[in-house]
Amino acid sequence: MFRSHILKYIHWYFPDCVSMNSWSHLSYFSITETLKPFFFFLAQAFERMMSPTAPNPNSGIPENGSAVQPWQEAQASGTCPKEQRRVWFADGILPNGEVADTTKLSSGIRRSPQDLHPVESQANNIACGSELRPKDGMHVAGRTETLGHPTSEGITCSTEAQAEQLCDTDSVIPPATKCPTVTEASEPPVSLTNETNDVPVSPLDYRMLCGIENCVSKEISLIPEDEGLPPLLIGRGGKGEQPLVEENPSHKRVALLVEESNPLTFILNANLLVSVKIVSYGSERCWYFSTNGLHGLGQAEIIILLCCLPNEEDVPKEIFRLFINIYKEAMKGKFIGNLENYTFTEGFFESKEHGGFLFVAPTFQKLDDLELPKTPFLCGILIQKQEVPWAKVFPIRLMLRLGAEYGAYPTPLTSIRHRKPLFGEIGHTVMNLLVDLRNYQYTMHTIDNLFIHMEMGRSCIKIPLNRYNEVMKVMNTSNEHVISIGASFSSEADSHLVCVQNDDGVYQTQANSATGQPRKVTGASFVVFNGALKTSSGFLAKSSIVEDGLMVQITPETMEGLRQALREKKDFKIICGKVDSDDLREYVDICWVQNEEKTNMRITSPIDGKSMEGTQNEKIVQEGDFEMDGKLIKCTEVFYLIKASELCSHPPYQFAKEIALACCAALRHHLRTLKNNGMNKIGLRVSMDTDMVEYQAGSGGQLLPQHYLNDLDNALIPVIHGGTSDATKLPLEIELIFFITESLII
């Protein structure tokens with residue numbers, strides 16, 4: 001075994017020497033005599049590795065030859081810096097048009113051009129002679145490109161050998177010598193083994209879809225028209241083996257298996273899996289459904305907790321059909337987000353009273369005992385037909401009403417069939433003046449991350465600065481005397497107003513609390529500024545709670561002042577109370593605040609596990625398909641990795657889209673190989689500044705091997721250079737997410 005490892009490392013360091021098979025005929029003694037310099041370097045490396053102050057020993061090993069021989073580099077530098085050392089572009093022209101200082105690297109390390117020792121690559125004249133090292137010192141490969149050196153003719157890059165095991169995409173990346181797979185549950189029912197390693201993955205990991213296409217047809221729905229069930233994924237074989245699939249599982253067999261500890265995985269199509277399990281959630285016995293594959297279209301994954309009916313044994317197939325319909329809508333670019341809905345045009349669960357599903361992003365609900373899909377995901381809640389109008393025009397009211405009814409905050413995650421609807425005929429409500437509850441032609445504009453906090457004697461309306469354009473849209477579309485704005489659910493408040501319709505059809509106000517303790521900060525769902533208060537009324541202004549919102553009555557002069565303050569992004573204070581009384585004053589503060597939204601929680605990069613928390617992102621709309629061998633590659637979204645305060649008011653969406661199209665074109669011819677090796681989710685990170693551009697592409701915690709990077713160079717470098725022409729938009733760092741899927745028959 002020791003000899004085989006020695007031969008492998010010899011082959012890495014001497015790629016142009018005889019093959020490993022030829023080396024294997026030599027004796028151990030002859031090998032050591034021939035390669036004394038190699039063993040001298042190996043001993044030095046081992047000594048540094050064992051030293052407590054030494055750098056991480058996983059130094060880079062280029063696949064196609066090294067510009068600096070390992071022992072020369074070790075003797076010359078002595079230590080390996082933790083920062084990434086970047087190789088410079090050959091033209092020496094910076095993006096701002098200036099000539100680069102070739103003696104100064106962006107990492108702060110000064111080296112002369114001669115120290116780089118460029119050698120010509122066999123693929124596209126790429127000189128490889130530097131190393132990349134992420135912050136945690138993991139042994140990964142990368143491509144870094146920095147503008148510089150005016151005398152070279154090639155474009156230099158750096159790559160390192162790939163570690164043999166793929167790490168979990170959404171886990172923190174450990175050293176390559178020990179790369180465990182992190183799963184959401186401790187006992188997955190089946191395990192994936194891709195072609196390159198034997199590392200199992202969770203049934204809710206996107207890599208679980210690799211190889212499924214070889215076992216089922218390419219129809220968009222594999223759900224039988226009769227009472228049968230879709231194919232059941234029984235298990236995954238070892239290296240090189242196909243998944244084990246039962247094409248026509250019986251309800252009786254499934255009823256026996258679903259009671260076991262491990263969930264069952266059904267194949268709805270070659271791109272979509274659904275895990276099913278019976279769980280105890282709270283005091284309820286529930287069917288638990290969780291999708292895996294919607295991310296491939298840019299749609300959040302979905303979980304559904306459906307309360308079991310008495311003596312129910314058969315899996316409710318209607319949920320499978322719901323998932324297929326959502327998949328079809330996502331293929332058309334119609335996505336479901338937080339507080340959005342999917343409604344039925346016919347009966348569901350053998351009842352015409354079931355109206356659809358309301359989808360919410362979990363907040364305070366208990367999820368510890370559930371095996372969850374990768375973030376982002378939504379929970380679907382079954383709603384009744386009479387609740388559909390509220391789900392369409394003012395969903396936060398319905399969400400909070402469900403929470404008050406079933407003792408959950410802000411809302412329950414369970415779906416109950418054949419329950420009593422919580423709203424009846426619309427009747428008399430302030431919402432009749434603000435939204436169209438009959439034809440859904442207009443609604444009140446809701447601004448994300450705008451919060452209304454009510455405390456004793458004071459109400460505060462917090463408007464995020466980055467939503468200024470939306471506020472202007474509200475002002476421009478409202479009439480002269482009224483401004484109405486919908487608010488978001490606030491996790492900072494410890495309670496929230498709830499609108500309840502009693503049996504007589506009258507709307508009343510309640511409050512639902514997160515803790516059951518006395519309320520300090522109560523959230524509201526909307527605010528209305530009514531500028532029709534007459535000065536003769538004797539009031540400076542009036543504030544009152546109406547249903548689940550705040551009504552503020554002000555004079556026309558105060559309304560004009562409010563509009564001016566909103567246009568200028570200035571804070572504004574409204575004093576409420578009688579003109580001649582200073583004792584009973586209340587205050588309404590309108591405040592512009594920095595957006596403190598906790599975005600992209602628990603989302604990590606497929607390249608190296610870098611957290612995306614706090615970043616901005618948006619979906620990429622990709623026209624046309626990049627298809628090869630029955631497989632598609634699609635870019636679903638872009639993350640802007642620099643701080644929001646450093647990001648320009650108009651994020652470079654068009655530039656990101658051009659990068660996405662170039663990457664799809666470059667990888668198009670490798671789709672089968674990539675997916676066969678478990679790389680069906682890929683990240684591409686591009687970083688640019690006035691004196692540096694670089695990119696990295698990877699999957700499952702590793703960067704892509706050299707032969708993919710060669711094609712990416714040809715496609716990406718012209719686009720990246722074009723994006724650096726405007727120095728006012730720099731620095732810039734973005735990451736794009738790509739998925740490889742099967743081309744389905746619709």
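Helix α11, which spans residues 556-567, has 12 residues and reaches 17 Å from its first C-alpha to its last, close to the 16 Å expected at 1.5 Å a residue. The model described here is a predicted one. Within α11, the residues Met559, Leu562, Arg563, Ala565 and Leu566 are buried. They cover an arc of only 160 degrees around the axis, which puts them on the same side of α11. An α-helix has 3.6 residues a turn, so residues three or four places apart point the same way. After α11 comes Lys569, whose phi is positive, near 55 degrees.

The largest nonpolar core has 60 residues, and of these Val276, Trp287, Phe289, Ile304, Phe320, Phe323 and Phe357 touch the most other members. Helix α7 (residues 317-331) supplies the largest share of this core, namely 8 residues. If neighbours within four places in sequence are left aside, Phe320 is in contact with Ile223, Leu229, Pro230, Phe266, Leu268, Val274, Val276, Phe289 and Val315. Another core, of 46 residues, lies apart from the largest one, and its members include Leu358, Ile381, Leu437 and Tyr507.

Elsewhere in the chain, 11 strands form an open sheet with mixed pairing, in the order β17-β21-β23-β22-β24-β25-β16-β15-β20-β18-β19. Its edge strands are β17 and β19, each of which pairs on one side only. Strands of a sheet pair through backbone hydrogen bonds, either parallel or antiparallel. In the case of β15 and β20, the pairing is antiparallel and runs over 2 bridges, and the bridge partner of His453 in β20 is Gly523. Several strands of this sheet are listed below with their residue ranges.

| Strand | Residues |
|---|---|
| β15 | residues 451-455 |
| β17 | residues 482-486 |
| β19 | residues 507-513 |
| β20 | residues 522-523 |
| β25 | residues 586-593 |

Strand β25 contains Glu586, a residue that is partly exposed, with a relative accessible area of 38%. Not counting residues up to four places away in sequence, Glu586 touches Gly457, Ser543, Ile574, Ile575 and Cys576. With one of these residues, Ser543, the side chain of Glu586 makes a side-chain to side-chain polar contact of 3.1 Å. Although Glu586 and Lys542 are 44 residues apart along the chain, their C-alpha atoms are separated by 8.6 Å.

Terms used: Residues are numbered from 1 along each chain as its sequence is written. This is a predicted model: local features need pLDDT of at least 70, side-chain atom pairs count only at pLDDT 80 or more; totals for chains, interfaces and linings use all residues. Side-chain values use heavy atoms; hydrogens and water are left out. Helices (H or I, at least four residues) and strands (E, at least two) are DSSP runs, numbered from the N terminus. The expected span of a helix is 1.5 Å times one less than its number of residues. Buried means under 20% relative accessible area, exposed over 50%, partly exposed in between (1.4 Å probe, protein chains only). The arc is that of the directions from the helix axis to the C-beta atoms. A nonpolar core is a set of buried Ala, Val, Leu, Ile, Met, Phe, Trp, Tyr and Cys residues joined through side-chain atoms within 4.5 Å. Contact means heavy atoms within 4.5 Å. A polar contact is a pair of N or O atoms within 3.5 Å; within protein, one must be able to donate a hydrogen and the other to accept it, and residues adjacent in sequence count only if both atoms are side-chain atoms. Two strands pair if DSSP finds at least two bridges between them.
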